[in-house]
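Here is a friendly note to read alongside the picture. Please keep the viewer open and look up each residue as it comes along.

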Amino acid sequence: MAGIRLSLAACALLLAAASYAATPGGAQVWVTTADQSRLLAREPEVIFAAQAPLATRIDVDPERRYQEMVGFGAAITDSSAWLIEKRLSAAQRAALLAELFGRDGGGLGLSFTRISIGASDFSLSHYSLDDPPGGAADPQLEHFSIAPNREYLLPVLRAALAINPDLRIVASPWSPPGWMKTSGSMVRGRLRPEAYAPFAAYLVKFVDAYAAEGIPVFALTIQNEPDFEPHDYPGMKLSAKERARIIGQFLGPLLAQRRTRPRLLEWDHNWIDPASPRKVLADPVAAPFIDGVAWHCYKGDVKAQGPVHKAHPDKDAYLTECSGGNWEPRWERSLRWFVHQLIIGSTRGGSRGVALWNLALDEKHGPHAGGCADCRGVVTIDSATGAVTRNVEYYVLAHASRFVRPGARRIESTTGVRGLESVAFQNRDDGSIALIVLNTALGQRPYSVRYADRVLNHALPPGAVATVVLEHP
């Protein structure tokens with residue numbers, strides 16, 4: 001799928017459009033179209049008026065409030081961090097990180113990310129944070145070290161946090177160290193029961209080591225995609241019964257002893273099997289230690305989030321992984337799918353945060369050590385020149401993250417009217433509202449937005465997405 005390189009002039013326009021507070025009686029509208037003729041383009045201000053709404057109407061009701069948002073973003077994988085740290089000049093690196101994580105000058109303000117504990121498929125090699133010589137067992141974790149992260153992951157995380165202190169980090173292991181598993185390897189195998197306690201201690205040591213580096217871990221999952229055993233990169237199956245035992249008897253009590261601790265998220269896998277996290281949440285020993293459920297997008301339907309959240313309203317929801325790739329080469333279809341399923345569907349299903357997969361990949365969809373050979377990053381970094389291509393995922397995230405700040409509340413809005421899907425958020429600091437509207441219909445849709453007894457009219461081309469910023473009256 002072709003990305004979009006912004007010209008210098010286009011970059012200047014983007015930076016010039018930093019302020020997005022609507023004037024009294026008006027609303028600002030930002031649009032991305034399916035044909036890419038408009039990319040997060042600001043339209044002329046739309047004025048509220050005392051007028052009858054059109055037949056196609058979106059009502060916005062800030063009195064009906066839902067979850068508080070952590071934010072939107074993408075994973076800073078080892079591959080992403082390596083490209084940013086090693087394939088960009090200092091000036092290129094500073095500019096890209098400011099654009100992605102900053103808000104000044106029209107930045108996206110990404111505030112939700114994910115990292116791997118040890119290697120994932122998007123690492124340069126397979127490693128854990130406790131690899132004794134010869135693969136010997138190390139139940140006391142004497143060889144534990146975050147040294148493999150010091151060259152590029154830690155510097156990029158520090159730089160991102162310096163730009164955006166609101167950045168929240170979810171950490172997930174793709175595999176425990178090989179000596180903890182039946183395979184003796186990070187690839188395949190199951191976790192040995194005698195390794196449950198060392199594995200829990202391993203995760204806690206990771207949290208402590210990162211905290212000592214000034215990088216707090218916001219949330220922790222105990223296994224990436226626990227119902228999948230990859231054949232060529234770190235991974236492991238971990239049943240609901242095993243997860244409940246590890247959380248209830250080992251990891252949960254360890255974390256509970258601490259004055260501050262990361263949130264513990266269950267599942268971290270696809271929408272297709274909501275019964276699995278529900279089994280763990282039904283475990284009376286494990287459930288009190290669990291703060292939420294993490295979801296991936298690759299199989300199943302986003303609607304699976306709703307019943308789980310309804311059954312356990314005290315548990316948060318997060319979308320922690322979803323990748324675009326060359327399996328869908330049509331830009332317009334990716335725009336529509338990501339906005340519909342993740343920005344709208346997942347947040348309406350309770351998600352407090354939405355994180356796509358790789359923040360950055362190179363022109364060959366890497367580097368990677370197994371796994372996906374045609375995944376796409378939010379941005380593509382040319383490994384020879386450092387040139388940055390902003391992909392469709394960039395604009396998907398921009399329509400939400402740039403306007404919905406951490407601490408915003410999702411509020412009620414009409415959706416599913418003549419092909420128009422929507423979600424709305426109210427920012428905590430100034431009361432402004434960001435309404436995101438997607439036109440899934442085949443033709444242009446004129447529509448009205450009704451808010452606080454005021455009405456504005458707008459029209460959205462087929463396949464287009466708009467963010468409408470409403471000033472609090």
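1. Let us begin with a term: contact means heavy atoms within 4.5 Å. This is a predicted model, where local features need pLDDT of at least 70 and side-chain atom pairs count only at pLDDT 80 or more, while totals for chains, interfaces and linings use all residues. Residues are numbered from 1 along each chain as its sequence is written, and side-chain values use heavy atoms, with hydrogens and water left out.

2. Leaving aside neighbours within four places in sequence, Phe218 is in contact with Val70, Arg168, Ile169, Pro262, Arg263 and Tyr318. Phe218 sits in the loop between helix 5 and strand 8 (219–221); helices (H or I, at least four residues) and strands (E, at least two) are DSSP runs, numbered from the N terminus.

3. Is Phe218 buried or exposed? Its relative accessible area is 11%, so Phe218 is buried. Buried means under 20% relative accessible area, exposed over 50%, and partly exposed in between, using a 1.4 Å probe and protein chains only.

4. Now the ring pairs. Rings of Phe, Tyr and Trp (its six-membered ring) pair if their centres lie within 6.5 Å; planes under 30 degrees apart count as stacked, over 60 as edge-to-face and the rest as tilted. By this rule there are 13 aromatic pairs. Trp174 and Trp357 make a stacked one, at 5.5 Å centre to centre with 15 degrees between the planes. This pair links distant parts of the chain, 183 residues apart: Trp174 is in the loop between strand 7 (168–173) and helix 5, and Trp357 is in strand 13 (residues 351–358). Trp174 counts as buried at 2% relative accessibility, and Trp357 counts as buried at 4%.

5. Another pair is Trp331 with Tyr395: the ring centres are 6.4 Å apart and the planes are at 50 degrees, so the pair is tilted. Trp331 belongs to helix 9 (residues 331–348) and Tyr395 to helix 10 (residues 392–401), 64 residues apart. Trp331 is buried, with a relative accessible area of 3%, and Tyr395 counts as buried at 2%.

6. Next, the nonpolar cores. A nonpolar core is a set of buried Ala, Val, Leu, Ile, Met, Phe, Trp, Tyr and Cys residues joined through side-chain atoms within 4.5 Å. The largest has 110 residues, and Phe206 and Tyr210 have the most contacts inside it. Helix 5 (residues 196–212) gives the most to this core, with 10 residues. A second, separate core of 22 residues includes Val46, Leu420, Val449 and Leu456.

7. Which residues does Tyr210 touch, not counting those up to four places away in sequence? They are Ile115, Ile146, Asn149, Leu153, Leu154, Leu157, Ile215 and Val217.

8. Seven of its nine residues are buried, so helix 2 is largely enclosed by the rest of the structure. The buried residues are Asp78, Ser79, Ser80, Ala81, Trp82, Leu83 and Ile84. Where helix 2 meets helix 4, Asp78, Ala81, Ile84 and Glu85 in helix 2 touch Leu153, Pro155 and Val156 in helix 4.
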